[in-house]
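Dear colleague,

I am passing on the structure we spoke about, and below it you will find an account of what was found. Please read the text with the model open beside it.

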Amino acid sequence: MNRLRPFVGLWLILVGLVVPAWVAAEDAVPPAGAPPAINRQYENPDYEQWVQAFERPGREVYDRRREIVAASGVKPGMALADIGAGTGLFTRLFAREVGPQGKVYAVDISQVFIDNIRRTSREQGLANVEGVVSTQTATRLAPGAIDLAFVCDAYHHFENPQAMLRSLHRALRSGGALVVIDFQRIHGHSSAWVMGHVRAGKEPAIREIEAEGFKLVDDSPLLRENFFLRFQRSERR
Ligand SMILES: C[S@@+](CC[C@H](N)C(=O)[O-])C[C@H]1O[C@@H](n2cnc3c(N)ncnc32)[C@H](O)[C@@H]1O
């Protein structure tokens, strides 16, 4: 045992140096954007199947949807964009909150999702919803069109986050807000699925978003599996 003692010490030093560096590195420098494969499932989606996936009890953002809408700061008459709107879960809730004088742009890269959001909004008498088919680099919203951009469970799907953030910055009015909700990605805490699926956790996301002309104004403890961040658009880039 005595002869092994120096090797045990060396082993402990190596573990002490390598493990923290590896853990830190994994979150410190996330890939620049999501791999396109993550979005292939939305190219020709079965809308009803995705309603079952996104609008089901047990999904934290579905269970807490009413608190999320309240915490977003949405008010009657506001213009807002639900970026990566999916099946329209939040679009419809927001449309009721902003009322007939307000506007909700449902923005998604998936034509099928947007067609179905247009249909369900019509069926539910929500005349203030406008569907926008976007790209991975542009929201296709007019400059200064919105007071609030809402991004739920979609930030980690952005293949080109910088371009999307610049596009959001242009679409927001002066002093407008950006709300980002996404999975907590914490080593030893988050599931293996989250660790493999989600590109960047909260801290890298904050760094990326602030680098594109936004200032973090609230890091809310509202959710458990997800973070809830509120940014303000700043004038200086
Ligand atoms: C996991 S779903 C979330 C849907 C919805 N926000 C919700 O929480 O129920 C992610 C959505 O983001 C969309 N998406 C991916 N990249 C996008 C981008 N760059 N711009 C807009 N939408 C995007 C996908 O098509 C998909 O509908």
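The residues surrounding the ligand number 22, and the closest of them are Tyr42, Gly84, Gly86, Ala154 and His157. Please keep in mind throughout that this is a predicted model.

As to the overall fold, the chain has nine helices and seven strands, and of its 237 residues 35% are buried. Among contacts between residues at least 6 apart in sequence, 71% join residues that are at least 24 apart.

The sheet

The seven strands form an open sheet with mixed pairing, in the order β3-β2-β1-β4-β5-β7-β6. Because β3 (129-133) and β6 (214-220) stand at the edges and have a single partner strand each, one side of each is left without a neighbour in the sheet. Neighbouring strands are turned against each other by 20 degrees on average, if direction is ignored. In general, strands of a sheet pair through backbone hydrogen bonds, in either the parallel or the antiparallel sense.

Two of the pairings can be described in detail, and both involve β7. Strand β5 (residues 172-183) pairs with strand β7 (residues 226-233) in the antiparallel sense over seven bridges, and within this pairing alanine 177 has glutamine 232 of β7 as its bridge partner. The pairing of β6 with β7 is also antiparallel, with six bridges, and here aspartate 219 is bridged to leucine 229 of β7. Between β6 and β7, which form a hairpin, there are five residues.

The buried residues in α5 are Leu89, Phe90, Thr91, Phe94, Ala95 and Val98. After α5 comes glycine 99, which has a positive phi near 75 degrees. Helix α9 (residues 202-210) lies across β5, β6 and β7, and runs at about 150 degrees to β6.

The core

The largest nonpolar core has 50 residues, of which Leu80, Ala81, Ile146, Ala149 and Phe150 touch the most other members. Leucine 80, which lies in strand β1, has 29 other C-beta atoms within 10 Å and is therefore buried, the cut-off being 20 or more. Leaving out residues up to four places away in sequence, leucine 80 touches Val74, Phe94, Val98, Val104, Ile146, Asp147, Leu148 and Phe150. From leucine 80 to threonine 91 the distance is 9.3 Å, C-alpha to C-alpha, with the two residues 11 apart in sequence. Isoleucine 146, with its neighbours within four places in sequence again left aside, is in contact with Ala79, Leu80, Ala81, Tyr105, Leu141, Ala171, Leu172, Arg173 and Gly176.

Residues to look at individually

Arginine 233 is in strand β7 and counts as buried, with 22 C-beta neighbours inside 10 Å. Not counting residues up to four places away in sequence, arginine 233 touches His169, Leu172, Gly175, Gly176, Leu178, Gly213 and Phe214. The C-alpha atoms of arginine 233 and leucine 148 are separated by 9.6 Å, although these residues are 85 apart along the chain.

Finally, there is a point about backbone angles. Most residues other than glycine have a negative phi. Arginine 140, however, has a positive phi of about 65 degrees, and aspartate 153 has a positive value near 60 degrees. Arginine 140 is in the loop between β3 and β4, whereas aspartate 153 is in the loop between β4 and α7 (161-171). Are these two residues buried or exposed? Arginine 140 is exposed, with 12 other C-beta atoms within 10 Å, while aspartate 153, with 20 C-beta neighbours inside 10 Å, counts as buried.

With best regards

Key:
Residues numbered from 1 in each chain as written. Predicted model: local features only at pLDDT ≥ 70, side-chain atom pairs only at ≥ 80, totals over all residues. Near = placed C-beta within 6 Å. Pairing = 2+ DSSP bridges. Helix = DSSP H or I, 4+ residues; strand = E, 2+ residues; numbered from the N terminus. Axes fitted to C-alpha atoms, helices over the stretch in contact; angles between N-to-C directions. Contact = placed C-beta atoms within 7 Å. Core = buried A, V, L, I, M, F, W, Y, C linked by C-beta atoms within 7 Å.
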